[in-house]
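Biologist: I am new to this structure. Please take me through the terms and the values together.

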Amino acid sequence: MHETNIQVGPASFRIGSVWKEVIDQIEMLYASYPKPKLTDYTVTLDAVRPWRRFIRPSAAINGDFMLPDAAPLPLDHGLLGVEMGVNLQMALGWRRQLILHASSVEKDGKSLIMSGESGSGKSTLSAILGHRGWRFMGDEFALINHDNGFAMPYPRMISLKNEAIKTMKKEAPHAQFGPLMKDTPKGDIQHIVPPADAIRKMEQGAKPALLLFPNFGYDAEIREIFPSEVFMRLTQASTNFVGLGETGFNTLKRLVLDVPAFEIAYQNGDEAENMINQLWEQL
Amino acid sequence: MMSKAGFYPDTWLLVDCLREPDRALRLNDADWVALITMARAETLMGTLAYRLKDKKVPKPVEHIISDALIDSEYQYRSALWEVDCARRALQSYDGPVVLMKGSAYAAAGIEASHGRSIGDLDIMVSEGGLKEVESLLIKAGWEWVKEDDYDDAYYRDYMHELPPLIHKERDRMIDVHHTILPKTAKPNPNALAMIADAIPIEDGHYIFMPEDMVCHCAAHLMADGDLAGGLRNLWDMHCLLSDFSGAAGDFWMRLKQRAQQHELWDAVHLSARQANALYGTPIPTDWMQWSMRDTLFQKRLLARNSWGQQRHKLLRFAFYIRSHWLRMPPLMLTKHLLTKWRKGHKAHEL
Amino acid sequence: MADSYKIRDVGNLILQHLDYMSLLYDRQSGITHIIAEPAPQIIEALGQDVMKAAQIEHILKKQYDVQMFEDESSDSFEDIIIARLDEFVDLGLAEKIISI
């Protein structure tokens, strides 16, 4: 088993793989991240059958926390497998903060949290804003502190899908990109290393000031959302709300009561950026 | 005692630290990671966390322990809530409803429940009461898990429980048993006696009396299942035996008699020896007769490596066959494995 | 005789008003309920007491303008209260004490 350790925000992972190339790719992309020795979670990529290590290599994703019947992936998509395994550890194991399936960015010490299904554009928006004067905090999970309600960064490799790949190559031509994985179950996928300040400041949280539910591909519109609807949507977007019991209830309740929330529909990044700036200035 | 030369599987680390938590305090970083990985793979992380919670552990481990305790608390709360929901649903049922396994340990507040992961709610009622219980549960919002016809027929004809029911709003399963082993299994425990001697607890449910609780745990560990997750079940056994044997002097004699009555003496005896060898459970001296078979069982129980993966694939397969053999007569076994195998074949590409 | 109702353990409940909906967290089950008016008001009126729906109706009518509920529905306000109370019983939040 080849292995490497990575630290993303407050969480750390031991990653093992029977194939060295996957570990090499991770070490290259995560070169500037800390490498802790005592990690929170273990994720492994293993051959589905012993011979499948060499013949049409097929990788089974395993970890401390697993879903039954996770489909194996071809080795070429190994990096995606690791990403899915790592996500699952956070989604099922993490209790130190309330997890929201959301991206987040920071400006002037305050954070903007964007929640939505995949395809809503939350990930791409956070990546774009990260190159336009905001600090990128994360494209997948926003971690909300139980004690002070701050959002904590989780700046993993940004996972770009389909058109977002082209968008970001234009937005950040000099950024470091991972290998292009074509025709995965989620479409074409390519990772991009977050801006240096995102990684340098990955222990620095920010008080949430604005909650957005982006909707990519619709005519421009801004709509305010009432707290009860926000609460319902965020319980759906949280992987550990139920498991946290009363603590989770209080953390989410405070977020919903303290932070204004809007749904924005948009056709492209520039349009979204304008709406976000407009809302941000009104705060 | 079992760490013979050249045979020191990684899983011993987990077993040692459960038995003597202070041992963990001398671990290096790599050992901590291995310990935590194996504990999670064996669904013993909550138990380990409970054992380590007031100890001076490295900061990263403190967080991991705290996460595990929060999760145990959630599981404990949800399990007791399911017990409460079943109580309300079955209020009009006259016979005793006996809680089994994790839910029973939690409801009775015994040591084995501390940090234990608790999944489905298992209850036992008399065979004659099955129909009424089934319809009361359905009235209260439980419904059949969508199984295919083969599985349904299999459950009803040969198993010791109704096909699992799941609550449509809370998404939690309940298994209703009328005995502790499948009808086709070789030991034939006396289910009527188990229900007749069950002890009422405050909320209106019942739990098995101590000897029966041990018998059920042993049956579950040895006679039923392929020993997957065996270390967790063996920890239950350790806690039960330690709890009950302290209370009354003649516990061991009564346990042996009761186990013989249920045709489970072999399972109880073997589990007690395994618990003694791995977790240091105090058992009577004349119960300690270690054999080749014990060594094989122990090897199967300790099949995890430091990455949380299962080793000894052939040994595991042998135990899988064995577990089905114990449940079903051979002819039926062939039919069952073939059906399962065909279904598995459709689902996964080889 | 009408049935009486009681919250099983009011100390286990956290009620938080938001807007037209309220949150109700139940410590015993760990379940969060999102409830609409007049459910939160019924819980507050009941408190630790044992009450019949008519008593609850009396309290609520003193505190709130309940006309809108009666306008919106063909049921009487008391029927609306009974329906909510029975839901609480089904959810394991309240108990019904049946009068003979």
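Modeller: Cavities come first. On a 1 Å grid over the protein atoms alone, a cavity is a set of points where a 1.4 Å probe fits but cannot get out, and its lining residues have an atom within 4 Å of a point. Grid points are joined across faces, edges and corners, and a volume is the space filled by probe spheres set on the points. By this rule there are five cavities of 30 Å³ or more.
This is a predicted model, where local features need pLDDT of at least 70, side-chain atom pairs count only at pLDDT 80 or more, and totals for chains, interfaces and linings use all residues. Residues are numbered from 1 along each chain as its sequence is written, chains are lettered from A and ligands numbered from 1 in the order in which they are written, and side-chain values use heavy atoms, with hydrogens and water left out.

Biologist: What volume does the largest cavity have, and which residues lie nearest its centre?

Modeller: The volume is about 160 Å³. The lining has 16 residues, and A:Y30, A:L79, A:V82, A:E83 and A:M157 lie nearest the centre. Helix α2(A) gives the most to this lining, five residues. Helices here are DSSP runs of H or I with at least four residues, strands are runs of E with at least two, and both are numbered from the N terminus.

Biologist: Why is the pair B:R40 and A:D64 called a salt bridge?

Modeller: The term needs a side-chain nitrogen of Lys or Arg within 4 Å of a carboxyl oxygen of Asp or Glu. In B:R40 and A:D64 the closest N and O atoms are 2.6 Å apart, so the pair qualifies. The pair crosses between chains, from helix α2 of chain B to the loop between β4 (58–63) and β5 (73–74) of chain A.

Terms used: 1 Å grid on protein atoms, 1.4 Å probe; cavity = no way out; pocket = protein on both sides within 12 Å on 5 of 7 lines; lining within 4 Å.
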